[in-house]
Amino acid sequence: MTRRPAAYDGVAVCCPVTVPYVRYSPETAHWWAGAALSALGERTGLGPADIDGFCFASFSSGPDSVVGMIQHLGLCPRWMDHIPTGGASGVMALRRAARAVQSGDADLVVCLAADTNQVDSFRQTLAGFSRFSQDAMYPYGFGGPNATFALITDNFMRTYGVGRESFGKLCVAQRANALSNPHALMKRPLSLDQYMSSRAISDPVHLLDCVMPCAGAEAFIVTTEEKAASLGLAAASIKATIERHNAFPEDPIQVRGGWVRDVDTLWEAAGCSPEDMDTIQFYDDYPVIVAMQMEDLGFCRKGEVAGFIDRHDFTISGSLPLNTNGGQLSAGQAGAAGGFQNVTEALRQVLGCPLGDQVPDARRALVSGFGLVNYDRGVCTGAAVLEGAT
Amino acid sequence: MSNPLSPPKRKDPLTPSRLGHVPPRLRSRAAKAMAVRAGQGRFVLQVCEGCSEATYPPRDRCPHCWGELRWADQPQTAVLLAETVVRATTDNFFREHLPWRIGTVQLDAGPTAVAHLHGDVAIGDQVRMRLVLDRGGNPALFALPLKETPHMQDDPQLRVFTSAPKHRRILVTDGRTRLGQDVAQALLAAGAGTVFLGNSDPLLRHDGEEWIASTPNIDMVPLDLTDSRSVSELAGTLGGRVDIIVNTAGYVRPGGVSSGSRLATLQTAMDINAFGLLRLAQSFGPALGARSDDGVNSAAAFVDINSIYAMTGNAGFAGFAASAAARLSLVAGLRGEMASVGIRVASVLCGPIDDAWHQAVPPPKVATSRVAQAVVQVLQDGLEQVCVGDVAEDLAARWQQDPFLTIREENL
Ligand SMILES: [Zn+2]
């Protein structure tokens, strides 16, 4: 049993910012990062000198890391971090910033993810993504993550008897949720029929199982409760978090993520259970991963997700509101910001300031991260339980 | 079963050829080491010196115990666990080859891997894995049916990785020799569409003329490898109609370095063995590269038959071995250039061939028909280097263990 982590006493998470996404942008990641800081500044009155901690994630800021970014944007932090884990970066930034604030290494940390999407950036990002991908995945048809997740989906459906209808139900619900989010890239309703008949991209992955790459930025602030109060910012608290990387390398094909190793720790530390979640913001690069998380984070047993999906309504007014901003599947995937949008949306729901419709009486939210297909599976996982003020 | 390959249709001169794109080429150093073994037809994975576990994808240290890794031959069997058909890609090469089928295999050697799939393998099947080279010269895992199926070699995905002679037009550079004629015969038997046989002196009679004249699908063409104009004229005449070149030309004379040889003899050896290859590459290379992805009879390979003594030198044939070394070095350079345009460059390395110039050499000597079979195998399996015959295999094995000792042994 893992040693029980300390509670996040005194830590406040606040000020979720989303810079509205666009499909293609001629601007750089630096521009998008600046746009997020500018929005934060407008909301809080903070300037460069007030930020003493900075945690950054991006795929397209190269050659700059967080170092280039702070000089570019005029920050002088006494604590900083660069998180290269894409879909897991939001939860990871949250945990790192929280501990920095708690220990006094920083007073106010801005966690920020920004990515641009120029006309050829998706192909370029893919081509140089990771060594294992270069050596052993991309030369096999160059289907990108669609092909990798097609293999995972094919195996998952076969092994656990899950049909495309189950994934379709998730996608359709997320689209319904997206319709109230003015920033979502997908603006038309989606029917299960449309989902089922969308064209195959890499069987059994079809067009509507795939996210749309776009440009955008996401940010939030982690600080002390006192500082948040002095700035007049509504704040949520962190009940518990976990992360795990490269779990279960012995599984021939990914059927579970690292959550499984730490899920008991998560719920024990949070002092609540999956049934207590008012909304879940799951990383959703492909619906199979959303389904996997329902099992691995304790909502149902392994192999029973088809029935679980069948029994629930995942729309904002439903029994288990999922990805209430539409998620990446309907709002768009802005690179590493895709790993932050679940955090900002969870924050908004528990703080009562969503982009679209509010989950009634939302107080607790579960956020999950899943990132970086280094070769044949997602390597990085994380999760956090956030709670708004009562 | 695979659909048997139909002969290519006559080409409409107004239709542009498909550009010779190659699959994504960036690889780690470890993957390049894997490519070397793939080019020799081996099925290898890295195995840990500490814990003996096999690992994949190629790494620089063992993920189980952090021990050092070495390449080792592995069992070729596996089971297909999952599959997908890629129908969309941003890569120029694969766009021309969609839909493209890949899968996840559980290797009996231990790791799982993503592999290209033959059309005759299905989920749950036991498969036979091959380590092949892709058109860019990089290593790739390919899952074949466990047992031979009808027209198995004609599978369109498999054919991308090979240079199979079937329906292809092949230039064999020296038709005046037994070696050139045996190679031509073996290629025709393997389904070659046409063999162009080079003849450096059409007025001078030579052995095998009657066989050539009576064999369909052989064209005798004028080709003198010592004459730049002759080579470029033939390239101009044959244009884009040559899909594979097999350079069988070789000039072998005995002699030492300080004694027993004449400078003029060495110059002739260099002119045929080394410069001849250079002339061929310069005249035919660009046209081959432009047609490397041009359908059923796309341009595919340049095969050079050379002496194993290229690697060591050879007492008694010093000048000849030097020209062979120059030739092998040129082939290495050509391989790099042609990999970027999708053409496989291969060496077939032989010990002494059983011909008039090796009368004084004791057996074993390699029969020309055996060399011809090796050429066909190199093309069918898409290899880069094979050693033919006992002498060549023995020397290569010793060289692999201790190159400098082998050089000493061959010259002292
Ligand atoms: Zn080891």
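Chain A is assigned domain 1 (11–120 + 215–235) and domain 2 (127–212 + 236–387), with bounds that come from an automatic or database domain assignment. The model is predicted: local features need pLDDT of at least 70, side-chain atom pairs count only at pLDDT 80 or more, and totals for chains, interfaces and linings use all residues. Residues are numbered from 1 along each chain as its sequence is written, chains are lettered from A and ligands numbered from 1 in the order in which they are written, and side-chain values use heavy atoms, with hydrogens and water left out.

In chain A, the C-alpha centres of domain 1 and domain 2 lie 23 Å apart. Across the boundary, 40 residues of domain 1 of chain A are in contact with 39 residues of domain 2 of chain A, where contact means heavy atoms within 4.5 Å.

The cavities come next. A cavity is a set of points, on a 1 Å grid over the protein atoms alone, where a 1.4 Å probe fits but cannot get out; a pocket is an open set with protein on both sides within 12 Å along at least five of seven lines; and lining residues have an atom within 4 Å of a point. Grid points are joined across faces, edges and corners, and a volume is the space filled by probe spheres set on the points. By this rule there are seven cavities of 30 Å³ or more. The largest cavity holds about 90 Å³ of space. It is lined by 14 residues, of which T18(A), Y21(A), N181(A), N325(A) and A331(A) are the closest to its centre. Two or more lining residues come from each of β1 (11–22), α13 (327–331) and α14 (341–351) of chain A; helices (H or I, at least four residues) and strands (E, at least two) are DSSP runs, numbered from the N terminus. The most is given by α13(A), with three residues. Both domain 1 and domain 2 of chain A give residues to this lining, so the largest cavity lies between them. By class, its lining has four nonpolar, eight polar and two charged residues. Here Ala, Val, Leu, Ile, Met, Phe, Trp, Tyr, Cys and Pro count as nonpolar, Asp, Glu, Lys and Arg as charged, and the others, Gly among them, as polar.

The second largest cavity has a volume of about 60 Å³. Its lining includes N246(A), Q254(A), R377(A) and T381(A), and divides into two nonpolar, six polar and one charged residue.

Some backbone details of chain A can be checked by eye. The peptide bond from G62(A) to P63(A) is cis, with omega near 5°, and P63(A) is in the loop between β2 (53–57) and α2 (66–72) of chain A. Another cis peptide bond joins D203(A) and P204(A), with omega about 0°; P204(A) is in the loop between β5 (200–202) and β6 (205–206) of chain A. L372(A), a residue other than glycine, has a positive phi near 65° and lies in strand β10 (residues 364–373) of chain A.

Chain B is assigned domain 1 (29–160) and domain 2 (169–411). Their centres, taken over C-alpha atoms, are separated by 30 Å, and 14 residues of domain 1 of chain B are in contact with 14 residues of domain 2 of chain B.

An open sheet of three strands in chain B has the order β2-β1-β3, with antiparallel pairing; two strands pair if DSSP finds at least two bridges between them. The edges are β2 (54–55) and β3 (69–73) of chain B, each with a single partner strand, so one side of each is left without a neighbour in the sheet. Two bridges join β1 (residues 44–48) of chain B to β2(B), and Q46(B) stands opposite T55(B).

Another open sheet in chain B has seven strands in the order β11-β10-β9-β12-β13-β14-β15, with parallel pairing. Its edge strands are β11 (218–222) and β15 (385–388) of chain B. From one strand to the next the twist averages 20°. Seven bridges join β13 (residues 301–307) to β14 (residues 344–350) of chain B, and I305(B) stands opposite V348(B).

Helix α4 (residues 178–189) of chain B lies across β9, β10, β11, β12 and β13 of chain B, running at about 175° to β10(B). Axes are lines fitted to C-alpha atoms, for helices over the stretch in contact, and angles run from 0 to 180 degrees between N-to-C directions. Helix α7 (residues 263–290) of chain B lies across β9, β12 and β13 of chain B, at about 170° to β12(B).
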